[in-house]
Amino acid sequence: MSKSLRVQEITKCFSRADKPALEKVSISLSDGDIMALVGESGSGKTTLLRIIAGLENPDSGLVEINGEIAWSSETKTLLPEQRNIGFVFQDYALFPHLTIKNNILYGLHKIHPKNERLERFNEIISLTGLENLENRFPHELSGGQQQRVALARALAPKPNFILLDEPFSNLDPVRKDSLRDELRSVVKESGVSALIVTHDTRDALSVADTLAVLKEGNLEQVGSPERVYFHSTSEYTASLFGKVNRIPCQLFKGEGAPNESTDILVRPADLEITKDPSGDVHIVGKVIANNFRGDFHEVTLECKESLPESENVTHVSIYVGPERKLQLGDTVTVRRLKR
């Protein structure tokens, strides 16, 4: 599959910084795919976005857009306006004095003649569901509608790909789920690749085909949402995407071989209560907390290590349905679900 974007071993250091903002980061964006850059503040997400956009130059590495070198230490740098990238900013950056129609047409000023601009405009408002809103002004629209206008303006010139900076941060939490679905549907139908920068892992899991996790300027893991969530390669990545249990265990290597102690990371949703632990690796614990979370209860168990000489206690969280009535002090047995 051809690549809309290829970033190879990008390194960027800022003066007076203790460590690089980015260190040999490599990612690629396939045609038609949506990738989310995820990480905490200071992880390097915004710096990488600015380098791709041409607003910042790296110290070393390669940026290639649609097969053309946009930056390398050996070639001339393409200016931001030469890269044919669409932008959706965090605050949408719509022109308040222009109607929705003129906001979108602004991105089509390079298309001649006029009838071709209007043809593309009609295509894009149909794609984004903005029919009958063309003559309104941005302040007359809801947050979700403003986002669609910003997306329409970015997609209108048929860019190589679009960059979205925290696209859901200004939206009503109640409508976020439906707006995530809308954005993904529009981008997918357009056929344009997209790179989303977000600190909200729920946004990334809902919208992206591929996740790229950054930590302190280093690439921690790249993979599908399911792969990154259920098979995280580091404790940082696992905890970034939700609560995890750290459970001590023993590794048995066979007769005559020394056993080893280690910890495993298990998500609460990967544990279930069982009545028959025979043949399964299981944990026995006492209920010390039971908190209602709406669709489920988050139950905390106090578990003692099984080794006779150990008095260590581990707290394990599990999620159970509201139909299961557990009381403080109850003893339950849980096992790990097979995925």
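Colleague: Which residues of H4 are called buried, and what makes them so?

Modeller: They are Gly144, Gln145, Gln147, Arg148, Val149, Ala150, Leu151, Ala152, Arg153, Ala154 and Leu155; buried means under 20% relative accessible area, exposed over 50% and partly exposed in between, with a 1.4 Å probe and protein chains only. With 11 of its 13 residues buried, H4 is mostly covered. Please keep in mind that this is a predicted model, in which local features need pLDDT of at least 70 and side-chain atom pairs count only at pLDDT 80 or more, while totals for chains, interfaces and linings use all residues. Residues are numbered from 1 along each chain as its sequence is written, and side-chain values use heavy atoms, with hydrogens and water left out.

Colleague: What covers the buried residues of H4?

Modeller: The cover includes strand S6 (85-88), helix H2 (100-106), helix H3 (114-128), strand S7 (161-165) and helix H5 (176-190), where contact means heavy atoms within 4.5 Å. H4 lies across S6 and S7 and runs at about 170 degrees to S6; angles run from 0 to 180 degrees between N-to-C directions, and the axes are lines fitted to C-alpha atoms, for helices over the stretch in contact.

Colleague: How do you know what span to expect of helix H4?

Modeller: Helices (H or I, at least four residues) and strands (E, at least two) are DSSP runs, numbered from the N terminus, and the expected span of a helix is 1.5 Å times one less than its number of residues. Helix H4 (residues 143-155) has 13 residues and reaches 18 Å from its first C-alpha to its last, close to the expected 18 Å.

Colleague: Why are S6 and S10 called edge strands?

Modeller: Two strands pair if DSSP finds at least two bridges between them. The open sheet, of mixed pairing, has six strands in the order S6-S7-S8-S3-S9-S10, and S6 and strand S10 (218-223) each pair on one side only. Strand S9 (residues 210-215) and S10 are joined in the antiparallel sense over five bridges, and leucine 211 has glycine 223 in S10 as its bridge partner.

Colleague: Why is valine 228 called buried?

Modeller: Valine 228 has a relative accessible area of 0%, so it is classed as buried. This residue is found in helix H7 (residues 225-230), and beyond its neighbours within four places in sequence, valine 228 is in contact with Leu211, Val213, Gln221, Val222, Gly223, Thr237 and Phe241.
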